[in-house]
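Morning, everyone. Let me put the model up and walk you through it.

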Amino acid sequence: MDAEGLVEVVLPGKVEPEGLRIRHGAVPSAGPGQVVIRMEATGVSFAEQQMRRGRYYDQPAFPFVPGYDLVGTVLTTGEGVEPDLAGTRVAALVKVGGWASHVVVDAADVVPVPDGIAAAEAETLVVNGITAWQMLHRKARVRVGHTVVVHGANGGVGSVLVQLAQAAGARVIGTASARHHDALRERGVAPVDYRADDAAAQIRELAPHGVDAVFDHVGGSGIVDSWRLLAPGGTLVSYGSAATRDDEGSKQLPVLKLLGRVWLWNALPNRRRAYFFNVWAGRALAKNRFRSRLRADLTQVFAALQRGEVSAQIAAQLPLTRVADALRLAESGTVAGKVVLNP
């Protein structure tokens, strides 16, 4: 076993980033059907920013170890697990528990990382890559010649969406604050300032006949503008409510409002569709189908990275013990890409 022991980050309650605690313990062992992963990279996603405010709609009770996903090497395998898995680099989507030096995961939930992809690179594409891939290909079914709008085109999911959409042959209009526009133009994206009062009008000017898909992580009242941008046959994919991140009150309400709107829009005979995307949908009902789909999709994302269609955007790498700085940096909105934590 590892001599260094377990190091993990605990979220004790609704705290500022400095309130996160570091806890030391014994390295866990793998039970039947499980593996222990020695973490090499985990990261800060939007989920943890909501969890520390108590605003993530199905977060566990405090205290808990956050960390939505991780990449690392299988250290030990439990009973009934292929022993050859030990020593291989894998990725896992866990929702919570990733901010630790050693993490126990069901062997069925790990996805092999191809040789030649570094741990930090792979980490930028686990939750962000699966989310982008499934929204693009399983929900909106974007194809050659489509025009799509990506809100927050410089963000974690947004930047991956942009690249995967372009690889699929779509034209991309991306919203971001003005300082990111030059970088978006270099990527072949038509930029629009989402802070502008006439952002929707600017998008209409670029796509007078409407767009084939809109990917919206903002939620709130702006979702109505997103819906109105769609051409007949178009798809709106809503995947969050960033607009309500700092709100007080019910954490379920913003999501329920979105779901209500989506339901209503889909009931109308208007040849457009709306989805509220949740990467965990279907897991409770059909675990094996969920796992095989996740494995297939993440494998596709890693292949796109190897082909150079997607780049891994690492905003910064910090050690796990500097998690407060990492969270502050991720929440500052000043960095492009993913803030990665290393052991």
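**A walk through the model**

His180 is buried, because its relative accessible area is 11%, and buried here means under 20%. This histidine sits in the loop between β9 (171-176) and α5 (181-186). What does His180 contact, leaving aside its neighbours within four places in sequence? Asn154 and Gly333. Keep in mind that this is a predicted model.

Step into helix α5 now. Asp182 and Arg185 both lie there, three residues apart, about one turn of the helix. They form a salt bridge, with the closest N and O atoms 2.9 Å apart. Asp182 counts as exposed, at 52% relative accessibility. Arg185 is partly exposed, at 48%.

Other salt bridges next. How many does a search of the whole structure find? The count is 17. Take Arg291 and Asp109, whose closest N and O atoms are 2.7 Å apart. That pair links distant parts of the chain, 182 residues apart. Arg291 is in helix α9, and Asp109 is in the loop between β6 (102-106) and β7 (110-112). Buried or exposed, at 14% relative accessibility for Arg291? Arg291 counts as buried. Asp109 is buried too, with a relative accessible area of 13%.

Now Glu123 and Lys338. Their salt bridge has its closest N and O atoms 3.5 Å apart. This pair also joins distant parts of the chain: Glu123 in helix α2 (residues 119-123), Lys338 in strand β15 (residues 338-342), 215 residues apart. Glu123 is buried, at 0% relative accessibility. Lys338 is buried as well, with a relative accessible area of 4%.

Glu16, Glu18, Arg52, Arg53, Arg328 and Glu331 are linked in it.

On to the aromatics. The count comes to six aromatic pairs. Phe62 and Phe64 have ring centres 5.7 Å apart and planes at 15°, so they are stacked. Phe62 is partly exposed, with a relative accessible area of 30%. Phe64 is buried, at 8% relative accessibility.

Tyr68 and Trp280 form a tilted pair, 6.1 Å centre to centre, with 55° between the planes. Where do these two sit in the chain? Tyr68 is in the loop between α1 (46-51) and β4 (69-77), and Trp280 is in the loop between β13 (273-276) and α9. They are 212 residues apart. Tyr68 is buried, with a relative accessible area of 5%. Trp280 counts as buried at 13%. Both belong to one aromatic cluster, together with Tyr56, Tyr57 and Phe290.

Now the nonpolar interior. In soluble globular proteins, nonpolar side chains tend to be buried together. Here, the largest nonpolar core has 86 residues. Which of them touch the most other members? Leu93, Trp99, Val148, Leu161 and Phe215. Helix α9 (residues 287-307) gives the largest share of this core, seven residues. Apart from it lies another core, of 20 residues, among them Ile173, Val192, Ala274 and Phe276.

Back to Phe215 for its contacts. Not counting residues up to four places away in sequence, Phe215 touches residues including Met135, Val148, His151, Leu161 and Tyr239.

Last stop, the surface. Leu253, Leu256 and Leu259 form a nonpolar patch there, with about 270 Å² of accessible area together. Leu253 is found in helix α8 (residues 253-267). Leu253 counts as partly exposed, at 44% relative accessibility.

Key. Residues are numbered from 1 along each chain as its sequence is written. This is a predicted model: local features need pLDDT of at least 70, side-chain atom pairs count only at pLDDT 80 or more; totals for chains, interfaces and linings use all residues. Side-chain values use heavy atoms; hydrogens and water are left out. Patches are made of residues with over 30% relative accessible area and no salt bridge: like charges are joined within 9 Å, nonpolar side chains (Val, Leu, Ile, Met, Phe, Trp, Tyr) within 5 Å. Accessible areas come from the Shrake-Rupley method with a 1.4 Å probe; for residues, only the protein chains shown count as cover. A salt bridge is a side-chain nitrogen of Lys or Arg within 4 Å of a carboxyl oxygen of Asp or Glu. Helices (H or I, at least four residues) and strands (E, at least two) are DSSP runs, numbered from the N terminus. Buried means under 20% relative accessible area, exposed over 50%, partly exposed in between (1.4 Å probe, protein chains only). A nonpolar core is a set of buried Ala, Val, Leu, Ile, Met, Phe, Trp, Tyr and Cys residues joined through side-chain atoms within 4.5 Å. Contact means heavy atoms within 4.5 Å. Rings of Phe, Tyr and Trp (its six-membered ring) pair if their centres lie within 6.5 Å; planes under 30 degrees apart count as stacked, over 60 as edge-to-face and the rest as tilted.
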